Amino acid sequence: MQRILCAGALAAGLLCAVQGAQAGTVTVLTSFPKELTTAYQKAFEAKNPGIKIEILNKNTTAAIAYVRELPEGQRPDIMWASAPDAFEVLARNKLLQAAPDTKNPAAPAKIGNYPLNDPQGLYYGQALAGYGIMWNTRYLQANKLPAPKAWADLTRPEYFGHVAISSPSRSGTTQLTVETILQGEGWDKGWAQLLAMMGNAAAVTDRSFAVPDGVNNGQYGIGIVIDFFGLAGKYSGFPVDFVYPAMTAVVPANIALIAGGKNTDEAKKFMAFSMSTEGQQLLFDPKISRLPILPYSSLKAPAGYPVPQDVAQRAKVQFDADLSENRYQVVTSLFDQMVTFRLKELQAATRAIHDADKALKAKPNAKGTELLAQARSLAYTALVGESNVKNEEFLALFRKNRRDVEVSKQLTGLEQLWATKARENYERARSLAQQAQGMAK
């Protein structure tokens, strides 16, 4: 067919030229930062001069929607991202294609108890990621703050106004961090801890990169991040450090061949390169700072670099990707309505709770203590109980297409109810805390 087009009229010749220009191009759909994608692009193209890598950067949620909307033959070739549940969505929708010959046989089958690759062979672990806390050492010293070690530390009053996080609805890595806390602590206790942490937040950013950038430059003291943000800052020479709390998980960042892509054979070569010894060594670049899937015995790791298996053995959370994927929309929407869009109200309630707690410790009062407990309950209780997120009918509503007018109306109405209730709860909590503080005078 291509020969006929090339031998035909001028228009057909132009079409052939376009097809020829596309033949050696692999389109990689990814949420990863340019520091990582550029390094892999340059290294791969140097080894494969006939193949060009085109990077298409989208956040994970937008990437899934993008692949879904494109017809077969027009889709990107590769999906490359941190969120395992995103790959579950694509696999369930038959949008991924197995590429077993791209795997590196030297990679382990599991990281801790978590499988490195999809059991069906539709996506593969290319790097590893854990979740934790980064901080600016100079900022903490200037503000006389201790370095946090656990998520619960970030609920303490001394950290008020010093913490930053990105919105999980805009960042796949933050969604995984939030989900890790919820799975580790349980739904109710997890939300109580998250909301108390978020009451201390200085900002909820709409870009995941804004948090590490802000900590690196001292805009924020502490950031809740995926590990490579903290490690990249540390190994690039910024005055920052990073810790994995015990309540963390180590899971693969995955790469997969998209079904219906344009250049499958060339795409497989890029996937294989990313998992090769040479490709894995690139992860130690200070600007990338990711955990490799290959054992360190086959790589040259920087001194003191975290060892994935050691982190996984200490981690208390065995991450459940199916559970995360099943309630993804509920978690992200609830976080937005309770935190992202209501941050000022949550901050005000939290400040009042901290002030009342300090006053009551100095001058105890039984009634004040009771009012303070009520304030905490109002401010730090999720608007959706655990029974709801186990209800398949409730969860199914959030998985429906929001472009459907009736579905959109239902979801918008529910989210508006959450927003209103959150605002009322925070205002009531602030008022009760102020009353409690007054009783300690």
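The questions and answers below cover confidence, pockets, helix packing and cavities in a predicted model.

Residues are numbered from 1 along each chain as its sequence is written, and side-chain values use heavy atoms, with hydrogens and water left out. Local features need pLDDT of at least 70 and side-chain atom pairs count only at pLDDT 80 or more, while totals for chains, interfaces and linings use all residues.

User: What is the mean pLDDT of the chain?
Analyst: pLDDT is the predictor's confidence in each residue, from 0 to 100. A value of 70 or more is reached by 95% of the residues. The chain mean is 92.

User: What is the volume of the largest pocket?
Analyst: On a 1 Å grid over the protein atoms alone, a pocket is an open set of points with protein on both sides within 12 Å along at least five of seven lines. Points are joined across faces, edges and corners, and a volume is the space filled by probe spheres set on them. For the largest pocket this comes to about 880 Å³.

User: Which residues lie closest to the centre of the largest pocket?
Analyst: Lining residues have an atom within 4 Å of a point. The largest pocket has 30 of them. Closest to the centre are Thr 61, Arg 68, Tyr 328, Gln 329 and Phe 398.

User: How many charged residues line the largest pocket?
Analyst: Ala, Val, Leu, Ile, Met, Phe, Trp, Tyr, Cys and Pro count as nonpolar, Asp, Glu, Lys and Arg as charged, and the others, Gly among them, as polar. The lining has 9 nonpolar and 10 polar residues. The charged residues number 11.

User: Which element gives the largest share of the lining of the second largest pocket?
Analyst: This pocket has a volume of about 350 Å³. Of its 18 lining residues, those closest to the centre include Asp 213 and Phe 229. Helices (H or I, at least four residues) and strands (E, at least two) are DSSP runs, numbered from the N terminus. The largest share, 4 residues, comes from H10.

User: How are H15 and H19 oriented to each other?
Analyst: Axes are lines fitted to C-alpha atoms, for helices over the stretch in contact, and angles run from 0 to 180 degrees between N-to-C directions. The two axes lie 8 Å apart at about 75°. Angles of 65 to 115 degrees count as perpendicular in this scheme, so H15 and H19 are roughly perpendicular.

User: Which residues of H19 meet H15?
Analyst: H15 brings Gln 329, Val 330 and Ser 333 to the contact. The contact divides into 4 nonpolar, 2 polar and 1 charged. On the H19 side are Phe 394, Leu 395, Phe 398 and Arg 399.

User: At what angle do the axes of H8 and H16 cross?
Analyst: H8 spans residues 187-199 and H16 residues 343-362. Their axes come within 8 Å. They cross at roughly 90°.

User: What is the volume of the largest cavity?
Analyst: A cavity is a set of grid points where a 1.4 Å probe fits but cannot get out. There are 3 of 30 Å³ or more. The lining of the largest has 9 nonpolar, 3 polar and no charged residues. Its volume is about 70 Å³.

User: Which elements each supply at least two residues of the lining of the second largest cavity?
Analyst: About 50 Å³ of space lies in this cavity. Among its lining residues are Thr 173, Thr 177, Ile 224 and Phe 229. By class, the lining has 5 nonpolar, 6 polar and no charged residues. The elements are H7 and strand S10 (222-226).

Key: Parallel < 35°, antiparallel > 145°, perpendicular 65-115°, else oblique. Contact = heavy atoms within 4.5 Å.
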